[in-house]
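Hi everyone, thanks for coming along. Let me put the model up on the screen, and then we can walk through it together.

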Amino acid sequence: MAVSRTTCVVSTLVTCLLVGAGAGLAVWLLKPSKNESGNTTESSVTTTEPTRPSWPVEFDAGLIVRTINDVQAHSFGSENSIQLLSKSVAYVDFYKNKTLYYAAFGGNEPIRATSGGYPSLKYPGEFWYVTALAVDFITEKLYVYDAQASKIELYDLQGKYMCIVLSELYYVKDILLDFRKGRLFILQSSKILSAGMDGVDLREIVQDTNIEAFALDFHHTLLYYSKSNVIMAHDYLSTHKTYEVAKIDAASSVFGLAVTRSSLYHLSRNKEKSVIELNSCELGSPTPTGKCLNPRNWNLPQDSRQLKAFDMFDLQLNNPCQQMNGGCEQLCVRSDPFSTDKAISCQCQIGWQLNSDKKTCSPVEVYLMYVRGYYLKGRILDLDKKSFIDVIEPMRLMLNSLHPVPFDFNARKGYAVYADVSDLWRLNLRLADGEQRLNLLEENFKFHMLYPTIDWLNDQLYYLRRRVNGDSPSYLMVRRTDYSQDFKGQKVIYEIPENRQPRAMALSLNLGLIYFTVFEASNDAAIYRINTDGTGLIPFVVEENGFSVSEFGLAFDSEARNLYWFNADRTQVQFATWSATLLRIIDISRLKNPLTISIYREWMYISSVNSVWRFHKETGEYAQNVFDQAGEESERDYSMIKPFGESVQPIDYNHPCASKKGGCQGYCFGVPTGEKGKLQRVCGCDENQELHEDKTSCKNKKSV
């Protein structure tokens, strides 16, 4: 099963603690599932392991060290140490002086606790890989980075899922929190980003090469990071300056850091002895002249992999969300990098958005659905908001390889259909309703499936089917999006000659028309218009200067009844009325390789290889990058973006198929009569059937 499109919950708070910082923490967490009423249910938890004593560490400050074979705690002031876990694990974190949480190697392994009273938590989804974790012990929440879907999520300390804080973050190695200043830090391969703990004000504060690890000194608002064998410090609050702290000559690289009030600890690879060493030094003055003093080697296991410092006296702050949830209707989150410990931000559960009072929430009715890489995602329409913008949990797509993925949806029925080379997949957006994925093709045809387009009134799917070798005709097809006992086939609407290769398609349901682009033998592209039942094919040509066509990108504006397309070199969007009059042009030359167009209300959305932009649909003004945020760029391309919601797919109840599919057993087509705006019902059957004499029901064709 894939990640559920869950509703977040406001959790019961428990006491917790986070210490200093280290590199590379991660955790596997369980999310709640959504029942039919839309409410969130409790996570399934297990306590299969026997009850163990509570936190066995008696000293108040020290290091937690994860090695290849176990996890240990070492005292700062003495040689005292204790084994916390006698097994190899991938990532660890501790909760106050209560328990150690650990995640095993391998996918979908639950988080387990070393102490009794803390249940193991199993994440119910698939394709989940956590590479970083940070605990906000003040408001008692977990920040988790999922490398598969490239997002930072928020949980409570019992593992209940809340929301996505930030998304579209790539190559993240670790995350840290300064809960005193309400600040979140994100380590990437060559950058360190900073944002409020509510995700607001995300920006780049350090850019350097080959950053291995980082650690936080929140007493002096210094961020330490390592690159190769050099340790640097960055003042993130006052001077914003960066300076060198130490160069470890004996080391080939420093890959682990931890900080206390006066000492810096670092794990490094000794280039001569070929061993891993743990060393420390006194930090001295926390100024741009501060250096590592009095270096010391610690006699710790040579196979150490991760550091985490703890000091129980550093963590005595009040929870500003404890009373009345901070005045927030749903989520209370720390915020504001320059505030006191009472500064909070109200946020909303996934599927909801914040109202103008900044405290209450409303359900999201329309959002932007898009595909990037292997995932189908959704974000709110408000482009000025940069955090807590995700409306659905990212859903993993079954793809043979990374390539542009066209899709469409039925908002009322709650599903999407996407094309993957020779497959058409139906994806259930309401996981609780049943099977999430269904391949709509029973056989592996030697065809490319292109541009699925859904008739949301009749639950019919149009798509282009093109032979792989390109030497045979292509087809405009229609089929049902579900399987029923008596209807599993498909129907050829129109056979496209072999010298024309189809590419894109758009549907005007309430006009009864389909538009599609083809790439012709003359190396020119063209647009054709056809009735929904496959009759009445005509070329769509605007008899005005400047008219040209690219085979990529096609969209129909159902409100204004205009058709949009790219010009031949894709530096313009051109649009005209549905009947090919009144050509108008919008310049989009700033975009690189635009692929798709979609329209909603006054806006036009265009996806390109590495970005998505919004323009005013008539003038091209107010251009804005939809995903404009700091951080390293990903190699994962955007495939398509579409506004999702019932209002995006309006229904004309005068449509001849509006009531019970017009009485048709198979397909129902609304076909233009020739009178302006009027449609007539035409029934159809799949390829192995034919219409009965009543012109509504289907029967099997007689074998010849």
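Before I point at any sheet, a quick word on terms: two strands count as paired if DSSP finds at least two bridges between them. Strands here are DSSP runs of E, at least two residues long, while helices are runs of H or I of at least four residues, and both are numbered from the N terminus.

Please keep in mind that this is a predicted model, where local features need pLDDT of at least 70 and side-chain atom pairs count only at pLDDT 80 or more, while totals for chains, interfaces and linings use all residues. Residues are numbered from 1 along each chain as its sequence is written, and side-chain values use heavy atoms, with hydrogens and water left out.

So what is in there? The protein has 57 strands and 0 helices. Of its 704 residues, 60% are buried, where buried means under 20% relative accessible area, exposed over 50%, and partly exposed in between, using a 1.4 Å probe and protein chains only.

Strands β9 and β10 (residues 141-146) run antiparallel and are joined by 6 bridges, with V135 opposite L142 in β10.

Now for the inside. A nonpolar core, for us, is a set of buried Ala, Val, Leu, Ile, Met, Phe, Trp, Tyr and Cys residues joined through side-chain atoms within 4.5 Å. The largest one has 80 residues, and L376, F540, L563 and W565 have the most contacts inside it. Domain 2 (407-416 + 423-498) and domain 3 (660-700) both give residues to this core, so it lies between them; those bounds come from an automatic or database domain assignment.

Which residues does F540 touch, leaving aside neighbours within four places in sequence? Taking contact as heavy atoms within 4.5 Å, its partners include Y515, F547, L563, W565 and W578.
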